[in-house]
Number of protein chains: 2
Amino acid sequence: MGPMSSPDFSKGAAWQGGNFVPIGEASVPLTDWGFLRSDAAYDVVTVWDGAFFRLDAHLERFMRSCRKFRLDPGRSPQEIFEILSQCVKLAGLRSAYVEMLVTRGQPPWGSRDPRLAVNQFRAFAVPYVWIANEEQRQRGLHVKVSKVQRIPPASVDPTAKNYHWNDMTMGLFEALDAGADTVLLSDAAGNVVEGPGFNVFALRGGRLVTPLEGVLEGITRRTVVEIAGTFGVPVDVRALPADELRSADEVFLSSSGGGVLPVTRVDGKTVGNGEPGAVTRRLLQTYWDWHYEPRYSVPVRY
Amino acid sequence: MGPMSSPDFSKGAAWQGGNFVPIGEASVPLTDWGFLRSDAAYDVVTVWDGAFFRLDAHLERFMRSCRKFRLDPGRSPQEIFEILSQCVKLAGLRSAYVEMLVTRGQPPWGSRDPRLAVNQFRAFAVPYVWIANEEQRQRGLHVKVSKVQRIPPASVDPTAKNYHWNDMTMGLFEALDAGADTVLLSDAAGNVVEGPGFNVFALRGGRLVTPLEGVLEGITRRTVVEIAGTFGVPVDVRALPADELRSADEVFLSSSGGGVLPVTRVDGKTVGNGEPGAVTRRLLQTYWDWHYEPRYSVPVRY
């Protein structure tokens, strides 16, 4: 490529250090604590059919995550929106997975004082990410409950979105090796908490249950709770013992990476009649319908 | 700079993707799970006066950490030694902090299966890092015991060296804000475990105590245990309640970033007579003497 050729954003676009670059060229300095100490906060918002879904909620949570970890993105939610929008536009995407993040940066050489570091903001947009493929979404996911315990809130605040995922990844290996599609982690008391990139819901006797503590407060989770409210389906936000999940009438995951994802097998045992349940399917349909509600939509500036 | 100018390795040298680059140019792709999921293992070995100290022990632990996280550095300990040695040589360092690491890489787009990722090895050498500055080493460190709990072994295996440090960093903020120099984290039972980059020892009634579970099995910790053995000082590897630490006769930290580091204040309370203790000083001296023992030394190939 000559110096005048334009960058190829077709696989995604990122913003770093004041510039937009192709996603394949985006990087983090090896010595940034964001890498060397996983000292970072992030958030993911999706674009569907040309519009951000619940952008305000994601920006708000991102700013809150940053404050909890004493990280400063150095720009306003409005400025972040403009960067995200431009990433999506450059990548030419109508549907996208859009991430904003801030890393600690690094203290001056010789110092180990995080207060002296200049925090670094980055963002990127890539094609929409599904945490389950089409076949899995049709038949329902097969999930394994792992013995690996999710990092507890006493160690890392799960409500501040972070990259501490070794527990998730080790659990995922275990689940994939066992022939399942994905994994749910537990807490020390044997309650199911969350999985890599998603919350979980169980339907029992006409009531939905979703875990209370030790989880990311997902925006999709919140959306599901609100939709259930419009259906008159009560939602209990409380501890969810693994046994209650295994004997539920319906089970589904909630994630920005696909919305409402039916689960039809838990630890090899069939859930309900083995097909995505009626309540799950209704929530799923409404989840996607809500993407066209003006109150939840912010158009990308193409 | 023209195309023929040589790279400036004076601040440190790194190896990535088959090339040696100045440390300031070393990076991790934004989409590598090593960053986005802190999915990585690493180790740090030091060079003192032209020789690696206990290189075999560090290489062995690194390979073990990789296996535990199902990461493959893709090269033998001998090949890694050659890369590390070349990094130190290029950086022109007689004393150095040398890190080897492997990241997950990333699965093909659309997949979330870590088994499909091609793992990536990197290494770098920078000037020797002291986790305490000279004044702190002379007067002894002031340490705060934080209420932040170290990520428990049921979530992330602490014996496989990893970058999950949000708990350490949040504890460090708390300690620095309180006027202390650094922090020690606890476990759920109120035992002291470890701090950012170091293990801890307490001397009580002529016996040393160092925590058993929930800690990195430090090579410096092992060295201290071995040195204590030659002194006839017994070492108990067991749970160390925070109160036992606060009422100890002597306290010190062990780390590749400075060896034996005296602690003279815990939670604002003076340890012993407020000066680095006699046993601590003797261990410290022998720690540095051992750097000249041929059995622990591997010369850098300058």
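Colleague: Which helices and strands each supply at least two residues of the lining of the largest cavity?

Modeller: Helix H1 (33-36) of chain A does, together with strands S4 (40-48), S6 (96-103) and S7 (120-127), helix H6 (219-231) and strand S15 (250-255) of chain B. Helices (H or I, at least four residues) and strands (E, at least two) are DSSP runs, numbered from the N terminus. Bear in mind that this is a predicted model, where local features need pLDDT of at least 70, side-chain atom pairs count only at pLDDT 80 or more, and totals for chains, interfaces and linings use all residues. Residues are numbered from 1 along each chain as written, chains are lettered from A and ligands numbered from 1 in the order written, and side-chain values use heavy atoms, without hydrogens and water.

Colleague: What makes a residue part of the lining?

Modeller: Having an atom within 4 Å of a point on a 1 Å grid over the protein atoms alone; in a cavity a 1.4 Å probe fits at those points but cannot get out, while a pocket is an open set with protein on both sides within 12 Å along at least five of seven lines. The largest cavity has a volume of about 720 Å³. Among its 41 lining residues, A:Arg37, A:Arg112, B:Tyr42, B:Tyr97 and B:Trp165 are the closest to its centre.

Colleague: And what is that volume?

Modeller: The space filled by probe spheres set on the points, which are joined across faces, edges and corners. The second largest pocket comes to about 560 Å³. Its lining has 37 residues, with A:Gln149, A:Pro152, A:Ala188, B:Pro152 and B:Ala188 nearest the centre. Strand S10 (191-192) of chain A and strand S10 (191-192) of chain B are the elements that give two or more residues to that lining.

Colleague: Why are S2 and S18 of chain B called edge strands?

Modeller: Strands pair if DSSP finds at least two bridges between them. The open sheet in chain B has 7 strands, ordered S2-S1-S7-S6-S4-S5-S18, with antiparallel pairing. Strand S2 (19-22) and strand S18 (297-299) each pair on one side only. As for S4(B) and S5(B), they have 2 bridges, with B:Trp48 opposite B:Ala51.
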